[in-house]
Amino acid sequence: MDAFFASVELLRYPQLKGLPVVIGGGRRQADDALSERHGGSQQVPVDAFPRLKDYVGRGVITTATYAARQFGVGSAMGLMKAARLCPQAIVLPVDFDEIRRYSRTFKDTIAELAPVMEDRGVDEVYIDFTEVPGGQREGGRSLARLIQRSIFERTGLTCSIGVAPNKLIAKMASEFNKPNGISIVYEHDLQSLIWPLACRKINGIGPKSDERLQALGIQTIGELAARERDWLIGQFGPATGAWMHAAAWGLDDRPVVTHSEPVSMSRETTFERDLHPRHDRGELGAIFTRLCERVAEDLQRKGYQGRTIGIKLRYDDFRSLTRDHTLPQPISDASTIRQAAGQLLKRVPLDRRLRLLGVRVSSLVKSDIQSD
DNA sequence: TCTGGGGTCCTAGGACCC
DNA sequence: TCTGGGGTCCTAGGACCC
């Protein structure tokens, strides 16, 4: 989906179309009041929206409109830094309920046309065109067009689609024609379309691997493909080295997985200000309990229990650590989770301020519906 | 004026078992 | 006078993705 979070807000506030808008940061507050005060969301004058320059607090951008990206702001950037680059940009918080609603609608729309679909988060999916009637027409372009049109009719949102022989190349192809684009990449296009790209474009090569590759004089995927497989294995180990070599040659045989079980569920929160373990003990305790309750709600709503309870801390210097403990029996109730998490907290240095606390439950099993 | 939240997967060492 | 060889589970950290 193109600039998904921002595009959803633009449906509500079409008067912001073409303006720099970023989504992210603080809790949702003044927004509904904004609409009410002006007699409906579409009546809110542009001047009434909050601007980045007035933003105070922590947080990062989850999505920026294409107009905002022109100023160099983008996903994962701190809002304070973004404010320096584009002070006049409008900031809106994420409306998770609305996002989930649109996410469900676009995925349902696709699944009706092409049922072999893999979920990759709120705004992305892999689709297997192989067995879809007409899926091979024009190299897949005709089905891609149908999917785009159907999603737009149901939601008013645009998306970009890449069609290729495998997931690795399709993911790269999907970025070639954003927004609202389709791009078809055949096996024989590897050299001309994929090899000139930076290694960072490979899904799975992040900032750390990219830095290592650059230090070895490898910038592009073509340069990566030119290295001996065994040499890459020597540099990166048997698994990563072999995978990098295969990826550079466009090879990927992972299937489109239509169903998977969750591995863990967690809740975490960054405080508005760093909290001291002793001085702010009461506040931290209340937050900790609330996190346990929220994880418990998530588990019960989705019908899971877990045996491994974990905590996560982030200190004011941004260092983080985790502790976990596995119980003999799976649990899902808030008070037992809170108790186990409380024990873990005793195993951790509490000598400086904290900025984040998290609670996680893993080793999940489906809970027995009749009991409990 | 630093740096969200919810995930998955991998690695590596140690415990423990046969 | 040494110290096997697998396998699984648990824990902690880190890379990466959306």
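1. Which residues does F129 touch, not counting residues up to four places away in sequence? In this predicted model, F129 touches A114, G135, G140, L143 and V163 when those sequence neighbours are left out. F129 itself belongs to the loop that runs between strand 5 (125-127) and helix 6 (141-155), and although F129 and P165 are 36 residues apart along the chain, their C-alpha atoms are separated by 9.8 Å.

2. Is F129 buried or exposed? F129 has 20 other C-beta atoms within 10 Å, and because a residue counts as buried when 20 or more such atoms lie within that distance, F129 is buried.

3. A reader new to the structure may next turn to the open sheet of four strands, whose order is 8-11-9-10 and whose pairing is antiparallel. Strand 8 (264-275) and strand 10 (320-331) stand at the edges of this sheet, and each has a single partner strand, so one side of each is left without a neighbour in the sheet. Direction ignored, neighbouring strands of the sheet are turned by 15 degrees against each other on average.

4. Two helices pack on this sheet, and they can be described in turn. Helix 13 (residues 281-302) touches strand 8, strand 9 and strand 11, and its direction makes about 155 degrees with that of strand 8. Helix 14 (residues 334-345) touches strand 9, strand 10 and strand 11, and its direction makes about 140 degrees with that of strand 10.

5. The pairings of strand 9 deserve a separate point. Strand 9 (residues 304-315) and strand 11 (residues 354-366) run antiparallel and are joined by 11 bridges, and within this pairing G310 of strand 9 has R360 of strand 11 as its bridge partner. Strand 9 is also joined to strand 10 by eight bridges, and these two strands likewise run antiparallel. L313 stands opposite L357 in strand 11 and opposite L321 in strand 10.

6. Strand 9 and strand 10 form a hairpin with four residues between the strands, in which F318 takes a positive phi near 75 degrees.

7. The surface near DNA strand B receives two or more residues from each of helix 4 (79-85) and strand 8. Strand 8 gives the most to this surface, with seven residues. By class, the residues of the surface near DNA strand B divide into 10 nonpolar, eight polar and five charged.

8. Around DNA strand C there are 20 residues, of which G121, G206, K208, S209 and T326 come nearest. The elements that give two or more residues to the surface near DNA strand C are helix 9 (207-215) and strand 10, and the largest share, six residues, comes from strand 10. This surface has four nonpolar, 10 polar and six charged residues.

9. Taken with the sheet, these points show that strand 8 and strand 10, which stand at the sheet edges, are also contributors to the DNA surfaces, strand 8 giving the most to the surface near DNA strand B and strand 10 giving the largest share of the surface near DNA strand C.

Methods. Residues are numbered from 1 along each chain as its sequence is written. Chains are lettered from A and ligands numbered from 1 in the order in which they are written. This is a predicted model: local features need pLDDT of at least 70, side-chain atom pairs count only at pLDDT 80 or more; totals for chains, interfaces and linings use all residues. Two strands pair if DSSP finds at least two bridges between them. Axes are lines fitted to C-alpha atoms, for helices over the stretch in contact, and angles run from 0 to 180 degrees between N-to-C directions. Two residues are in contact if their C-beta atoms, placed from the backbone, lie within 7 Å. Ala, Val, Leu, Ile, Met, Phe, Trp, Tyr, Cys and Pro count as nonpolar, Asp, Glu, Lys and Arg as charged, and the others, Gly among them, as polar. A residue is near a molecule or strand if its C-beta atom, placed from the backbone, lies within 6 Å of it. A residue is buried if 20 or more other C-beta atoms lie within 10 Å of its own, exposed if 12 or fewer, and partly exposed in between; C-beta atoms are placed from the backbone.
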